[in-house]
Amino acid sequence: MYRLGIIGYGGMGGWHAKSLLEMPDEFELVGIYDINPAKIEAAREKGIKGFDSLDEILAEESIQAVIIATPNNFHKELSIKALEAGKHVICEKPVMMNSEELIEVIEVSKKTGRQFSVHQNRRWDKDFRMVKKTIDDGVIGTPFYIESRVQGSKGIPGDWRCVKEAGGGMLLDWGVHLIDQIMWMVDSPVTEVYTHMLSVKFPGVDDNFKLLLRFANGMSALVEVDTYTFINLPRWHVSGDEGTLQVDSFACDGSIVRANTVEMKWEEGIVYTAAGPTRTMAPRPEETIERLELPELETDAKDYYRNFMDATEGKQKLMVTPDQALRVMRVIDTVFESAETGSCIKVNI
Ligand SMILES: NC(=O)c1ccc[n+]([C@@H]2O[C@H](COP(=O)([O-])OP(=O)(O)OC[C@H]3O[C@@H](n4cnc5c(N)ncnc54)[C@H](O)[C@@H]3O)[C@@H](O)[C@H]2O)c1
C-alpha cells in the first residue's frame, strides 16, 4: 500500500483524490491540504481527512509522497518544502514556471534523495498512443511532419489561468502536454523553435498559439492550441514517406492511408480536375493506395501513479523523469522567447 497526500484540492486535486480512491488495493489517500478552508471542509464532507496547514500535512509520517495540484506559481515553493520534509513529489504540469525554477527543484530532489516527477498524464491518452504506435510500427514509413492540435471554442476559464503571474495562458496549460507528447515520441534533439502567439479574447495571456519545432533527425512538428474555434481541424495529422495518418478528435476516429506496392504512374500531359488543369494535385489512382484502420489499443492513465510508486521502490524505471521535464521546460522558455522576439530560435535541446 502506497500512501499519498494532496496539496491543493481544486479541480485537479479532486481528480487525483477520485483516482486514488478507485485503487484501494494499491494506494491510500491519507489526506489533503488546501489554502482555502472551504476546500478542506469539502474534502471532510466526502470522508477525506483534511489537514489544517501545510506544515501539518508535511509532518504526517505515514505520507510517502505528495501530489501538488495548486496554481502553477506555487509549484516551486511547495515542491521544495515537500522534498525537504522527506516526501517524494508528484507535481502537476506545467512542472514549473520556467526551466530555472526546475533546475533548483531538481537540485533539492538530488540533495534529499527524494523522487520528483511531473503528472504528464496525457502520455496515456488513447489518441496519442495510436499515433505513437502507428509511427513506431513503421506503418507510414519514416515520419517527416506531425501536426498536433487542440481547439476549443469557450475561451479560457476565468480563474488564475487568465493571470500571467499565476502561470496562466495556454502554452503552460495544454501546450506543455502537447510538447511533452511530441518530445517523448520523437527521439531526437529540438534544433529550431518558431512561435506565433496571440491573445484573441484574453489580454495578458496567450489564448492561441502555433509553434513549429524542428528536430535534428529532419522531422518537424506543428503544435497548435486554440481556444476560440467553432470548426475544428484534426487532432493529429502525420505525414510519413509511405503514408498519412489522421486522428480526427479525442473520440479516436480517423484513418491511415498509405501507398501500396502498385507503382504510381503519372498521366501523360495535363489532367483536368475540379481544381482546373494540374497533374501534381490530381487525385492519386485508387489502386495505388490502401486504407487501414487506426490501431486498437487500451491505455490507463492510472499507470502513471503505479509507475511512480514502483520507481520509488526501485521496481521500474521512472517514466516521466526530471530530465525529460527539463527539456520540455527549456523548449517552453524558447517558445516564449520566440513569441516575444518574433524570430525563429536555433537551439540544441
Ligand atoms: N494534468 C492535467 O490534466 C491537469 C488538468 C487540470 C489542471 N492541471 C494542473 O493542476 C494544477 C491545479 O489546477 P486546477 O485546475 O485544479 O486549479 P483549481 O483552481 O481548480 O485548484 C487549485 C487549488 O489550489 C488551492 N491553492 C492555491 N494556492 C495554494 C497553496 N499555496 N497551497 C495550497 N493550496 C493552494 C486553491 O485554493 C484551489 O483549491 C495546475 O498546475 C494545473 O495546470 C493539470
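How many helices and strands does the chain have? Nine helices and 16 strands. Keep in mind that this is a predicted model.

Overall dimensions first. The C-alpha trace spans about 80 × 45 × 40 Å along the principal axes of the chain. A compact globule of 349 residues would have a radius of gyration near 20 Å; this chain has 23 Å, which agrees. Of the 349 residues, 38% count as buried. Now contacts. Take those with a separation of 6 or more: 68% of them come from residues 24 or more positions apart.

Let me start with helix H9, residues 322–341. How far apart are its end C-alpha atoms? They are 28 Å apart. The helix has 20 residues, and at 1.5 Å a residue it should span 28 Å, so the two agree.

Which residues of H9 are buried? Pro322, Ala325, Val328, Met329, Val331, Ile332, Thr334, Val335 and Ser338. Look at the spacing with this in mind. An α-helix has 3.6 residues a turn, so residues three or four places apart point the same way. What do the buried residues of H9 pack against? Two helices are on the list, H5 at 99–112 and H7 at 171–185. The strands there are E5 at 116–118, E7 at 190–198, E8 at 208–215 and E16 at 345–346.

Zoom in on one residue of H9, valine 331. Valine 331 has 23 C-beta neighbours inside 10 Å, so it counts as buried; the cut-off is 20 or more. Set aside the neighbours within four places in sequence. Valine 331 then contacts Ile179, Val190, Val193 and Ile349. Threonine 191 sits 140 residues away along the chain, yet its C-alpha is 9.9 Å from that of valine 331.

Next, helix H4, residues 75–84. Its buried residues are His75, Lys76, Leu78, Ser79, Ala82 and Leu83. What covers them? The cover includes strand E1 at 2–7, helix H3 at 54–59 and strand E3 at 65–68. It also includes E4, H5 and E5. H4 is followed by a glycine too: glycine 86, with a positive phi near 90°.

Two packed helices are described by the angle between their axes and the distance between the axes. The axes of H4 and H5 come within 9 Å and cross at roughly 5°. Angles under 35 degrees count as roughly parallel, so H4 is roughly parallel to H5. Which residues meet there? From H4, we have Lys76, Ser79, Ile80, Leu83 and Glu84. From H5, we have Glu101, Glu104, Val105, Val108, Ser109 and Thr112. By class, this contact has four nonpolar, three polar and four charged residues.

Now some backbone geometry in the loops. Most residues other than glycine have a negative phi, and most peptide bonds are trans. Two places here depart from that. Which residues does a cis peptide bond join? Lysine 93 and proline 94, with omega about -10°. Proline 94 lies in the loop between strand E4, at 88–91, and H5. Cysteine 252 lies in the loop between strand E11, at 243–247, and strand E12, at 254–259. It has 18 other C-beta atoms within 10 Å, so it is partly exposed.

Aspartate 206 lies in the loop between E7 and E8. Is aspartate 206 buried or exposed? Buried, because 26 other C-beta atoms lie within 10 Å of its own. Beyond its neighbours within four places in sequence, aspartate 206 contacts Gly169, Met170, Leu171, Met197, Leu198 and Ser199. Threonine 227 is 21 residues from aspartate 206 in sequence and 9.7 Å away, C-alpha to C-alpha.

Then glutamate 22, in the loop between helix H1, at 11–21, and strand E2, at 27–33. Glutamate 22 has 10 C-beta neighbours inside 10 Å, so it counts as exposed; the limit is 12 or fewer.

How values were computed: Residues are numbered from 1 along each chain as its sequence is written. This is a predicted model: local features need pLDDT of at least 70, side-chain atom pairs count only at pLDDT 80 or more; totals for chains, interfaces and linings use all residues. Helices (H or I, at least four residues) and strands (E, at least two) are DSSP runs, numbered from the N terminus. The expected span of a helix is 1.5 Å times one less than its number of residues. Two residues are in contact if their C-beta atoms, placed from the backbone, lie within 7 Å. Axes are lines fitted to C-alpha atoms, for helices over the stretch in contact, and angles run from 0 to 180 degrees between N-to-C directions. Angles under 35 degrees count as roughly parallel, over 145 as roughly antiparallel, 65 to 115 as roughly perpendicular and the rest as oblique. Ala, Val, Leu, Ile, Met, Phe, Trp, Tyr, Cys and Pro count as nonpolar, Asp, Glu, Lys and Arg as charged, and the others, Gly among them, as polar. The radius of gyration is taken over C-alpha atoms; the globule rule is 2.2 Å times the number of residues to the power 0.38.
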